[in-house]
Amino acid sequence: MRSVSIRRALPRLYREPAAALAEFAREAGGEVVRLELGPFRPYLVTHPDHVQQVMRVEWTNYQRLGMFWRPLERIFGHSIMSDGEHWQNSRKVLQPLFTTRYVATITEEVARRVAGRVREWDEYADSGRTFDAATEMSRILSYIVNRVLFGDKLNREDGDRIIPAFERASHSLVYRILMPFMPYYLRIPGDRVFLKAVKKIDNVVFPVVRKAMAAPDDNVDIISVLCRSVDENGDRLTEKQIRDALVSVYAASSETTAMVLTWLWLLLDEHPEVKARLQAEIDEVVGEGPARPEHIPHLVYTRMVLQETLRLYPAGWMLPRVVMEDAEIGGVRIKAGSTVLIAPYATQRLAEFWERPDEFDPERFAPGRSESEERRHKYAYFPFGGGPHKCLGEPLFYIETPLVVASILSRFRMSVRTPVPFVTGWAASLRPKNKVALGVSRHDRDGDPR
């Protein structure tokens, strides 16, 4: 086992947390690393064998509890983001709405929503105004999710009010995550902003939930299904339980996907050869657009680009677990009550499992490279988590994101207008530390922006 002193760990984690974890893991060659953070001494677990042990083989001994999860409970409550009976019941209720078969039934509506929302960017192209990538990606995903998952019970205005609240909540969590041992009766920086953001979310969501509960319907959307569901005791779900599930699904299906797309535009700007090949595929498959459901199977390189983006910048960059009973990982004895940190960002950059691990190379995911895929450890790549807690939204991700990317690039050319290096920041989902300003111009069929 390796260890990293507090003198070295804290400054690196504060400056660029995800990169710091990747650095510590790389130096240890995937061995278990103990982070000495004063009274808090978590274990960083990044080797795919060890990740599989924690997330799949012995997952019941590694629970989503403890000091790292407590800040998230204040926003997500007890639902699919929690553990135990609350999580089991929520997943049982929600899983049928995220199967590949069900997602296929809503693909047409997703495509229509994407096309309509992307056309609104004509105003940016005409005026030359830039926009914040994370905010605009969140608005597009929110617009989709509000219709196809929530049956428009949460309207566009509601979504636009929630987006900045989620952003503020995500950023203001940094101090609680850095100082998980601080008691909650003591206010620390970020608490006030976080609580105001949660209140704003509640002010939007609770009225929607109450209205749906007062007039239940037979629609197959998440809010309607939740209103008809029962908890582990056979009782109807309370408005708080429905609220928790709704907020959790909203974050998992829109906010995190928006962050992946934000990183995508940065990567394409830095790799013009990938951008050109992606553009060529979309021009050939989609033409003048918009992207349609029948285009998705033919957007092969687009999917490869998205998979490689997820490898380098997984939204769920750190997945803490609390050890319930004494355990052993990689020959290291770990006592009950200890915290282990699973870090997809670090594991997916280990040189032992990835050639040129820090390079952006979508060819890693080319369909014809089956031999390398067979050699690759299953838990060397897990951007959606793994085991029983694997994210429900994976099928939806691979429907909505190709449609979003293809619809945008069939109509516009994108450019990053922020002239600064981009590093990861402290937030619940992996975000660039600085704002990303994007500009768009109309896409000329001859290849020149107009």
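In which helix is Glu136 found? Glu136 belongs to helix H8, residues 133-148. Helices here are DSSP runs of H or I with at least four residues, strands are runs of E with at least two, and both are numbered from the N terminus.

This is a predicted model, in which local features need pLDDT of at least 70 and side-chain atom pairs count only at pLDDT 80 or more, while totals for chains, interfaces and linings use all residues. Residues are numbered from 1 along each chain as its sequence is written, and side-chain values use heavy atoms, with hydrogens and water left out.

**Burial and the core**

Let us stay with Glu136 for a moment. With a relative accessibility of 2%, Glu136 counts as buried. Buried means under 20% relative accessible area, exposed means over 50%, and partly exposed lies in between (1.4 Å probe, protein chains only). Leaving aside neighbours within four places in sequence, Glu136 is in contact with Arg117, Trp121, Tyr124 and Phe131; contact means heavy atoms within 4.5 Å.

| Residue | Relative accessibility | Class |
|---|---|---|
| Glu136 | 2% | buried |
| Cys227 | 15% | buried |
| Pro183 | 26% | partly exposed |
| Cys391 | 28% | partly exposed |

Two of these rows are cysteines, so what is the count of disulfides? It comes to zero, where a disulfide is a pair of cysteine sulfur atoms within 2.5 Å. As for Pro183, its place is in the loop between helix H10 (174-178) and helix H11 (191-214). Pro183 and Arg139 are 44 residues apart in sequence, and their C-alpha atoms are 35 Å apart in space.

Next comes the nonpolar core, a set of buried Ala, Val, Leu, Ile, Met, Phe, Trp, Tyr and Cys residues joined through side-chain atoms within 4.5 Å. The largest one has 137 residues, and those touching the most other members are Ile75, Trp121, Leu149, Phe150, Phe166, Ile222 and Ile408. Helix H13 (residues 239-270) gives the most to this core, with 17 residues. Apart from this core lies another, of 17 residues, including Val32, Tyr43, Val332 and Tyr379. In soluble globular proteins, nonpolar side chains tend to be buried together.

**The three-stranded sheet**

Phe412 leads us to strand S10. An open sheet of three strands has the order S5-S11-S10, with antiparallel pairing; two strands pair if DSSP finds at least two bridges between them. Strand S5 (131-132) and strand S10 (412-416) are at the edges with a single partner strand each, so one side of each has no neighbour in the sheet. S10 is joined to strand S11 (residues 437-442) by five bridges, and Phe412 has Arg442 as its bridge partner in S11. H13 packs on this sheet and touches S10 and S11, its direction making about 85° with that of S10. Axes are lines fitted to C-alpha atoms, for helices over the stretch in contact, and angles run from 0 to 180 degrees between N-to-C directions.

**The six-stranded sheet**

Another open sheet has six strands in the order S1-S2-S3-S9-S6-S4, and its pairing is mixed. Its edges are strand S1 (2-4) and strand S4 (62-63), each with a single partner strand, so one side of each is left without a neighbour in the sheet.

Strand S9 (residues 339-342) runs parallel to strand S3 (residues 43-45), with three bridges joining them. S9 also pairs with S6, in the antiparallel sense over four bridges. Leu341 of S9 is the bridge partner of Leu44, and Pro320 stands opposite Leu341 too. Thr339 and Leu341 point one way from S9 and Val340 and Ile342 the other, yet all are buried.

Helix H3 (residues 48-57) has buried residues as well, among them Val51, Val54 and Met55. The buried residues of H3 pack against several elements, including S3, S4 and S9.
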